[in-house]
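Subject: Structure handover

Hello,

Here is the structure you asked for. My notes on what turned up follow below it.

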Amino acid sequence: MIRNIIFGALAAVLLFAGAAPAFAQAADAGTPSKDPKRIANGLALTPPMGWNSWNKFACNVNEKIIRDTADSMSSNGMKEAGYRYIVIDDCWHGQRDENGFITADPVKFPSGIKALADYVHSKGLKFGIYSDAGRQTCGGRPGSQGHEYQDALTYARWGVDYLKYDWCNTGTRNAQEAYTLMADALRATGRDIVFSLCEWGNSQPWLWGQKAGNLWRTTGDIIDKWEGKYDYSWGMLNIVDMNEPLWPFAGPGHWNDPDMLEVGNGGMTDTQYRSHFSLWAIMAAPLIAGNDIANMDAATREILLNREVIAVDQDVLGVQGRRVSRDGNREVWVKPLSGGARAVLLFNRGERPETISVDWEALGYPPKMKARIRDLWTHKDLTPATGSYSAMVPGYGVAMLKVQP
Ligand code: GLA
């Protein structure tokens with residue numbers, strides 16, 4: 001026991017001493033705020049988990065989809081695995097009424113948002129909604145500019161537990177001011193509402209976001225592809241490379257958000273989706289599923305419900321993992337876990353299988369240490385190893401491990 005505590009402390013010191021190169025990288029993006037006096041709201045002490053309508057349904061969302069999703073999520077094991085929030089993204093809105101209060105689209109949401117929130121709550125889940133800091137949302141629905149307190153009050157009356165707040169049609173608004181204004185409005189309602197900043201990283205929200213919200217998008221939109229740029233959207237790998245250097249800015253209650261999951265949406269292979277999910281977990285990213293979970297296949301279910309990988313994401317230490325080495329297509333990532341263990345990802349970016357090795361020293365452990373190793377995808381304990389471990393990793397795939405002194 002004592003030995004483990006000493007190892008844990010020593011390892012943490014060594015790991016952070018070894019963090020200099022990544023800190024240097026992050027310095028390009030600014031340095032962590034030295035004035036975190038104002039904190040958001042004490043929520044989201046581990047990265048939020050749930051589901052959002054956008055990646056699969058975009059503007060074709062309606063109340064049946066939300067009810068079906070709530071039914072599935074509460075009965076297919078996702079709720080028990082930690083998925084909590086069901087979030088309606090853009091296009092739920094109708095017009096503002098004569099007093100300026102926002103209403104739901106009467107065709108897509110004929111029962112109204114309050115009834116829907118009640119339904120989601122009745123399943124033991126939490127309910128989220130979407131708005132925008134501009135005059136209009138990205139989908140052209142009414143935005144919250146000039147109606148911040150009124151909208152926050154409406155959401156609280158409806159029973160909203162999570163607000164995603166977008167950045168379209170904001171003109172010359174200052175992002176920090178606009179998000180702080182909505183944060184204050186949410187706080188004034190007295191209701192616990194997780195606040196998700198969706199400003200795409202334009203104004204470096206990692207420098208100030210923790211005073212306003214619980215998570216901030218670090219990039220433009222994800223698209224269901226392995227790699228590349230497509231208009232305003234990025235492939236999964238591009239997003240990973242933008243989000244990785246920001247690791248010093250994440251922590252309990254305030255997370256970097258590399259956007260929602262595409263697992264199960266059909267644009268990547270199952271191997272690639274396993275990598276996508278593993279990378280999100282090692283980066284302590286919010287795990288917001290974005291597929292049709294009422295109709296998902298067995299492979300998708302197995303990925304989203306991998307509780308050993310989810311445990312890495314949700315570890316209470318709340319440290320975002322980072323890349324500690326890269327050699328061509330071969331990468332090694334590490335995330336310190338509570339209790340002195342490390343999550344390790346051996347990631348192969350290329351098409352051909354590769355042998356990827358990790359030295360305990362790169363994990364901040366004594367070089368000759370003997371460690372237990374658990375494979376988080378095959379769910380097997382491997383033979384304990386001294387000093388290092390190597391695995392053959394399939395093209396576009398990962399081996400994900402928990403290494404324990
Ligand atoms: C922006 C956001 C997306 C989604 C759409 C909705 O593009 O980044 O996540 O919310 O708007 O219109």
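**Salt bridges**

Arg217 and Asp259 form a salt bridge, with 3.3 Å between the closest N and O atoms. The term means a side-chain nitrogen of Lys or Arg within 4 Å of a carboxyl oxygen of Asp or Glu. The pair links distant parts of the chain, 42 residues apart. Arg217 sits in strand E8 (residues 215-217), and Asp259 in the loop between strand E12 (255-257) and helix H10 (270-282). Helices (H or I, at least four residues) and strands (E, at least two) are DSSP runs, numbered from the N terminus. Arg217 is buried at 2% relative accessibility. Asp259 is buried too, at 3%. Buried means under 20% relative accessible area, exposed over 50%, and partly exposed in between (1.4 Å probe, protein chains only).

Before the rest, some ground rules. This is a predicted model: local features need pLDDT of at least 70, side-chain atom pairs count only at pLDDT 80 or more, and totals for chains, interfaces and linings use all residues. Residues are numbered from 1 along each chain as its sequence is written, and side-chain values use heavy atoms, with hydrogens and water left out.

The whole structure has 17 salt bridges. Another of them joins Lys123 to Asp71, at 3.4 Å between the closest N and O atoms. Lys123 lies in the loop between helix H6 (113-122) and strand E5 (126-132), while Asp71 is in helix H4 (residues 63-75), 52 residues apart. Lys123 is partly exposed, at 26% relative accessible area. Asp71 is partly exposed as well, at 28%.

Glu331 and Arg323 also meet in a salt bridge, 3.0 Å from N to O. Both residues are buried. Shared partners join Asp241, Arg323, Arg326, Glu331 and Arg349 into one network.

On a 1 Å grid over the protein atoms alone, a cavity is a set of points where a 1.4 Å probe fits but cannot get out; a pocket is an open set with protein on both sides within 12 Å along at least five of seven lines; lining residues have an atom within 4 Å of a point. Grid points are joined across faces, edges and corners, and a volume is the space filled by probe spheres set on the points.

The largest cavity has a volume of about 80 Å³. Its lining includes Arg217 and Asp259, along with Asn52, Tyr162, Lys164 and Asp257. Strands E6 (162-166) and E8 each give two or more residues to that lining. By class, the lining has 6 nonpolar, 2 polar and 4 charged residues. Here Ala, Val, Leu, Ile, Met, Phe, Trp, Tyr, Cys and Pro count as nonpolar, Asp, Glu, Lys and Arg as charged, and the others, Gly among them, as polar.

The largest pocket has a volume of about 420 Å³. It is lined by 21 residues, and the closest to its centre are Trp54, Cys138, Asp166, Trp200 and Asp221. Helix H3 (54-57), E6 and strand E9 (221-222) each supply at least two lining residues.

**Cores and helix H7**

The largest nonpolar core has 85 residues, of which Trp92, Phe277 and Trp280 touch the most other members. Such a core is a set of buried Ala, Val, Leu, Ile, Met, Phe, Trp, Tyr and Cys residues joined through side-chain atoms within 4.5 Å. Helix H8 (residues 175-189) gives the most to this core, with 7 residues. Apart from it lies another core of 19 residues, including Val332, Ala371, Tyr389 and Val403.

Leaving aside neighbours within four places in sequence, Trp92 is in contact with residues including Phe109, Ile129, Tyr155 and Trp158. Contact means heavy atoms within 4.5 Å.

Tyr155 and Trp158 are also among the buried residues of H7. In helix H7 (residues 148-158), 8 of the 11 residues are buried, so the helix is largely enclosed by the rest of the structure. Those buried residues pack against strand E3 (93-96), strand E4 (102-104), H6, E5, E6 and H8. Gly159 follows H7, with a positive phi near 95°.

Best wishes
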